[in-house]
Amino acid sequence: MAVDGGDLQSALADKDLAISMSPEKGRCLIAKRSFTRGEIILLQDPYASVLDSASVNKRCDTCFQLCTNLKRCSMCKTTWYCGGTCQRNGWRLHQHECKAITSLKEEKQQTPTPSLQLMLRLLIKRKLQNDGVISKTTMDNYNLVEALPSHMSDFNEKQLVLYAQMANLVNIIKPSEESNLKEITQNFCRFACNAHTICDSELRPMGTGIYPVISIINHSCLPNAVLLFEGKQAVVRAVEPIREGSELTVSYIEIAASTPSRQKSLKEQYFFDCKCLRCLKVDTPDGLHEDATLEGFRCSSDHCEGLLLHDLDDANSLVCQLCGCRQNEEETKKQARKVDKLGTEASKLLSSGNYSEARSLYEQTHQLQTRLWHPYSVILMRTRDTLLKICMELGDWKQALKYCRLTIPTYERAYPSCHPMMGLQYYACGKLEWGIYTCLHL
């Protein structure tokens with residue numbers, strides 16, 4: 001079955017969507033009718049997907065659901081299933097990678113990384129579709145993957161060499177007459193720019209997938225839609241009312257950040273400069289105030305919560321926008337570096353599973369941060385989120401609730417009102433309050 005751009009336009013028209021071309025952005029996805037906040041706009045199953053290393057023996061490889069009684073593939077012993085139905089559904093693809101994985105384990109005493117396995121699955125599926133074993137559809141074919149930008153010329157030489165080495169390993173594991181090293185290397189570049197992290201209902205990463213139609217949706221730091229997952233199916237929902245003729249946008253990065261931080265992340269991973277309305281106001285009074293609130297310093301006066309901005313009359317000073325108090329910029333940054341160092345030490349303790357000592361250091365970090373950063377700072381928010389998780393691990397529900405409540409005002413400023421991050425934080429707060437209430441009244 002041949003599949004072309006006209007077929008895709010027709011398939012999207014049935015979903016009240018259309019592809020448009022923009023000189024600045026390339027392809028765009030346009031709403032052909034109005035969508036209300038919370039409404040599902042688009043669903044897509046992955047062209048290829050893989051569980052991450054932490055989830056591979058906890059979730060079914062076919063449906064991505066958690067399961068306490070997983071059954072392992074008896075041949076490769078690396079792929080797990082929740083039952084016979086999922087194993088049979090996955091066998092058409094897995095039987096081909098299974099042999100390759102088994103051979104690699106026997107010869108090299110190792111298993112492929114998730115990135116290598118994702119590439120294997122993509123190439124296997126393409127061959128099976130070309131051979132007619134698996135059907136092609138307008139929303140599920142390799143041509144859509146090929147149409148994704150690779151940005152190959154934007155990667156540095158070191159990264160390209162790594163991708164070329166990975167491509168060579170893929171060719172060794174599963175030789176293919178239909179692919180050459182350059183094409184596989186190009187696909188690894190596509191993965192870096194277009195693959196989506198698949199998350200569970202609490203937005204915890206569990207795998208990676210290639211969703212070529214959803215990848216057409218462009219980025220905005222003020223998105224009108226959000227990407228979620230049900231199992232491994234991608235779900236695009238509106239987080240703002242979308243008018244007919246408007247472009248659909250999602251955020252490729254964490255939006256709870258200052259404009260310079262967001263621009264840096266986008267440039268490094270996706271190779272473009274964002275020109276959304278939020279980024280364009282970077283040097284305006286509103287933009288400066290927003291960035292200073294999210295990541296800037298606060299006034300050192302105990303009785304003032306004003307923001308510090310650069311003093312126009314003194315390049316070495318920061319001036320409070322409320323009380324006019326001045327601070328030396330270098331001295332303030334020196335204090336921030338000391339606090340960052342303490343936070344790094346706390347993070348190492350947390351990574352090692354030493355929750356009690358990590359909590360102590362994070363609490364010291366939090367105390368110092370409250371003197372440096374604005375109350376609505378995302379830096380403070382992240383420390384409080386970490387302390388929330390540590391207190392929950394230690395069973396200190398009251399302190400966990402305290403930190404959860406402290407994060408809410410920043411969440412409300414950093415995210416749209418019906419963003420899933422907001423919902424999760426309200427849910428965590430409510431769950432803690434209910435748990436504490438239940439304990440007190442048992």
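## Loop residues with positive phi

Leu-203 sits in the loop that links S7 and S8. In this predicted model, the phi angle of Leu-203 is near 60 degrees, a positive value in a residue other than glycine. Leu-203 is partly exposed, with a relative accessible area of 25%.

His-151 is another residue other than glycine with a positive phi, here near 55 degrees. His-151 belongs to the loop between helix H4 (142–146) and helix H5 (157–173). Its relative accessibility is 27%, so His-151 counts as partly exposed. As background, most residues other than glycine have a negative phi.

Within S8, Thr-208 is the residue opposite Val-50.

Strand S11 (residues 233–238) is joined to strand S3 (residues 40–44) by 4 bridges, with the two strands running antiparallel. Gln-44 has Ala-234 in S11 as its bridge partner.

S11 also pairs with strand S10 (residues 225–230), in the antiparallel sense and over 6 bridges. Here Glu-230 stands opposite Gln-233 of S11. S10 and S11 form a hairpin with 2 residues between them. In the turn, Gly-231 has a positive phi of about 65 degrees.

Thr-249 is part of strand S12 (residues 249–250). The relative accessible area of Thr-249 is 8%, under the 20% limit, and therefore this residue is buried.

Leaving aside residues up to four places away in sequence, Thr-249 touches Ile-217, Asn-218, His-219, Ser-220, Leu-222, Pro-223, Asn-224 and Ala-225. Among these contacts, Leu-222 also contributes to a nonpolar surface patch.

## A nonpolar surface patch

Leu-222, Leu-277 and Leu-280 make a nonpolar surface patch of about 350 Å². Leu-280 is found in helix H8, which spans residues 277–280. With a relative accessible area of 53%, over the 50% limit, Leu-280 counts as exposed.

## Ser-347 in helix H10

Ser-347 is located in helix H10 (residues 329–351). This serine, Ser-347, has a relative accessibility of 32% and so counts as partly exposed.

Ser-347 and Val-50 are 297 residues apart along the chain, and their C-alpha atoms are separated by 28 Å. Val-50 is the residue that stands opposite Thr-208 in S8.

Methods. Residues are numbered from 1 along each chain as its sequence is written. This is a predicted model: local features need pLDDT of at least 70, side-chain atom pairs count only at pLDDT 80 or more; totals for chains, interfaces and linings use all residues. Side-chain values use heavy atoms; hydrogens and water are left out. Patches are made of residues with over 30% relative accessible area and no salt bridge: like charges are joined within 9 Å, nonpolar side chains (Val, Leu, Ile, Met, Phe, Trp, Tyr) within 5 Å. Accessible areas come from the Shrake-Rupley method with a 1.4 Å probe; for residues, only the protein chains shown count as cover. A salt bridge is a side-chain nitrogen of Lys or Arg within 4 Å of a carboxyl oxygen of Asp or Glu. Buried means under 20% relative accessible area, exposed over 50%, partly exposed in between (1.4 Å probe, protein chains only). Two strands pair if DSSP finds at least two bridges between them. Contact means heavy atoms within 4.5 Å.
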